[in-house]
Amino acid sequence: MITVRSVPADDADAHRLWKAQERDLAERYDEPDLELETEFPTLVGSWVGYRDDGAPVASIVARWSPYAETAPGDVELKRLWVEPGHRGHGHSRVMLGAAEAAARKAGATRLILETGTGQPEAIALYESAGWIPMAPYGEYSHEPESRCYAKPLPTRVLVINGTVGAGKTTVSSAVQDLLGEQGAHCGFIDADALCQAVPAPESDRYQQELLFDSLSAVAGVFRARGYGLMVIPRVVEDALDRGRYERAFASADAGAAEVTIVRVVAPQDIRLERVAAREPEGYWRDWATARTVELDDVLEELDLDDAVIDNSGDRNRLEVAAEVVDRIGW
């Protein structure tokens, strides 16, 4: 086994491994002067795999693709290398897994990479791991020995659930802000705004059908522009809604979306204060005042959430968002 550690792009262990990789490729392709790039301006992450005794034996790099002909959500893997004496133990798959996990957190919609006919073991690895051949790209476009592969990643959807006044929209917006500061590709949709239409059907007073039709219509637009993470504030009081989100954000290449539901909660007195501040008078204040109590009991009994986070007001919105992101592994 190896221990994988995230390292900076100028890490000495990584660069020693990269030099060994260059020597190997120079011999395989009969290019004695071969030098590969060592700077990655669109870096997502760089990792080194260490043996139990601390010796570095494997590396990999992930970056947002710099090539115009690739998609906005493409993360390219580079510098996958395992020292010859340590092959055959699954280290390459471990390194691929680390890079894929980071790309998913960054909101990638697809992984891509390039290898060549002089590396049959690499080709066998990617094909056995489910990677799909793709058209050569970038400087590899006219290289007859190049072979390029892709692995689509499903869209990941976070639905922030909660009763009226719990802070769904505020926390959702903060999650997007936090992920954006980390460089992730993340979209935000105010679900309530997609179903503001009157009159509502008697059989669907909260316009759920309109909501999911609308989400299905825009989901592909977000994905095509490279947003692999989506954050949506919306009450979830139907066990079938998870599947509806999975289908709404499904893609032809990666299948159903991965949906996580997090409920934010706050004491009733705090929720009522928020309602009063938001709805000064009239019908909507009366409705929200009654609804926050009713709905809180409903959501607690349904228990449809993957996590429940306190949003009682003693922390700022970014602190609550950070707990959400940490709890769900984003």
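A pocket, as the word is used here, is an open set of grid points with protein on both sides within 12 Å along at least five of seven lines. In this predicted model, the second largest pocket holds about 1100 Å³ of space. Its lining counts 37 residues, and Q21, L25, E114, T115 and Q119 sit nearest the centre. Helices α1, α2 (91–105) and α3, along with strands β4 and β5, each put in at least two lining residues. The biggest contribution to that lining, seven residues, is from β4. Sorted by class, the lining comes out as 13 nonpolar, ten polar and 14 charged residues.

Now for the sheet. Seven strands make up an open sheet, in the order β1-β2-β3-β4-β5-β7-β6 and with mixed pairing. β1 (3–7) and β6 (132–134) are the edge strands, each pairing on one side only. From one strand to the next, the twist averages 30°. Strands β4 (residues 74–82) and β5 (residues 110–116) run parallel and pair over three bridges, with E76 opposite I112 in β5. Helix α3 (residues 120–128) packs on the sheet, where it touches β4, β5 and β7 (146–152), and its direction makes about 155° with that of β5.

As for the largest pocket, it takes in about 1400 Å³ of space. It has 48 lining residues, with D192, Q196, Y206, R234 and W287 nearest its centre. Two or more lining residues come from each of α4 (168–181), α5 (208–224), α6 (241–248), α7 (268–278) and α8 (283–302). Helix α8 gives the largest share, six residues. The class tally for this lining is 17 nonpolar, twelve polar and 19 charged residues.

How values were computed
Residues are numbered from 1 along each chain as its sequence is written. This is a predicted model: local features need pLDDT of at least 70, side-chain atom pairs count only at pLDDT 80 or more; totals for chains, interfaces and linings use all residues. Side-chain values use heavy atoms; hydrogens and water are left out. Two strands pair if DSSP finds at least two bridges between them. Helices (H or I, at least four residues) and strands (E, at least two) are DSSP runs, numbered from the N terminus. Axes are lines fitted to C-alpha atoms, for helices over the stretch in contact, and angles run from 0 to 180 degrees between N-to-C directions. Contact means heavy atoms within 4.5 Å. On a 1 Å grid over the protein atoms alone, a cavity is a set of points where a 1.4 Å probe fits but cannot get out, and a pocket is an open set with protein on both sides within 12 Å along at least five of seven lines; lining residues have an atom within 4 Å of a point. Grid points are joined across faces, edges and corners, and a volume is the space filled by probe spheres set on the points. Ala, Val, Leu, Ile, Met, Phe, Trp, Tyr, Cys and Pro count as nonpolar, Asp, Glu, Lys and Arg as charged, and the others, Gly among them, as polar.
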